[in-house]
Amino acid sequence: MAETIFSRIIRKEVPAQIVYEDERVVAFRDIHPQAPVHILIVPREPIATVNDLRPEHAELVGHMVLVARELAHREGVADRGYRLVLNCNPEGGQSVYHLHLHLLGGRPMGWPPG
Ligand code: AMP
């Protein structure tokens, strides 16, 4: 797959507000936040979309969700509530083709999404 800006952020070639990192994921603040808390949890492995996930990625995806849970606590939105989003392909609203989990919080979220 073609490399995206997220690989360059992970390698720290492009600046970002990194709030968490470990051996499997890097999390940083979205450059165009859609809520007071808007963090992207990104695997170091450059998987393009949810469609490219395989059974061997199950632990990685679970880890992404657990990191989001931890960051929601740290950011003070866990009890109020928050939303986790994985956009896939054009109709899902995906614009960067390197898998990422959005953590959105700090304001009420509408449903259904637009
Ligand atoms: P998606 O539309 O689900 O692919 O989400 C991609 C997200 O990446 C958008 O919310 C963008 O605002 C965000 N984004 C794009 N470039 C950067 C960047 N350099 N640093 C932080 N967030 C970015």
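Which element gives the most to the lining of the second largest pocket? Strand E4 does, with three residues, and this briefing on a predicted model sets that pocket beside the largest one, in which the ligand sits. Because the model is predicted, local features need pLDDT of at least 70 and side-chain atom pairs count only at pLDDT 80 or more, while totals for chains, interfaces and linings use all residues. Residues are numbered from 1 along each chain as its sequence is written, and side-chain values use heavy atoms, with hydrogens and water left out.

**The ligand and its shell**

- The ligand is surrounded by 16 residues, the closest being Asp 30, Asn 87, Gly 93, Ser 95 and His 102, where a residue is near a molecule if one of its heavy atoms lies within 4 Å of it.
- Divided by class, this shell holds seven nonpolar, seven polar and two charged residues; Ala, Val, Leu, Ile, Met, Phe, Trp, Tyr, Cys and Pro count as nonpolar, Asp, Glu, Lys and Arg as charged, and the others, Gly among them, as polar.
- Helix H1 (5-10) and strand E2 (25-29) each supply at least two residues of the shell, and H1 gives the most, with three residues; helices (H or I, at least four residues) and strands (E, at least two) are DSSP runs numbered from the N terminus.

- A nitrogen atom of the ligand lies 3.1 Å from a backbone N or O atom of Ile 31.
- An oxygen atom of the ligand lies 2.9 Å from a backbone N or O atom of Val 96, and a polar side-chain atom of His 100 lies 2.9 Å from an oxygen atom of the ligand.
- On its own the ligand has 510 Å² of accessible area, of which the protein covers 84%; such areas come from the Shrake-Rupley method with a 1.4 Å probe, and for residues only the protein chains shown count as cover.

**The largest pocket**

- On a 1 Å grid over the protein atoms alone, a cavity is a set of points where a 1.4 Å probe fits but cannot get out, whereas a pocket is an open set with protein on both sides within 12 Å along at least five of seven lines, and lining residues have an atom within 4 Å of a point.
- The ligand sits in the largest pocket, in the sense that more than half of its atoms lie within 2 Å of the grid points.
- The largest pocket has a volume of about 500 Å³, a volume being the space filled by probe spheres set on the points, which are joined across faces, edges and corners.
- Its lining has 24 residues, and Phe 6, Asp 30, Ile 31, His 32 and Leu 40 are the closest to the centre.
- H1 provides the largest share of this lining, three residues.

**The second largest pocket**

- About 290 Å³ of space lies in the second largest pocket, and among its 14 lining residues Arg 83, Val 85, Asn 87, Leu 104 and Pro 113 lie nearest its centre.
- Strand E4 (82-85) and helix H3 (89-92) are the elements that give two or more residues to this lining.

**Backbone features**

- The peptide bond from Trp 111 to Pro 112 is cis, with omega near 0 degrees, and Pro 112 is found in the segment after E5.
- Lys 12, which is not a glycine, has a positive phi of about 65 degrees.

Conventions: A polar contact is a pair of N or O atoms within 3.5 Å; within protein, one must be able to donate a hydrogen and the other to accept it, and residues adjacent in sequence count only if both atoms are side-chain atoms.
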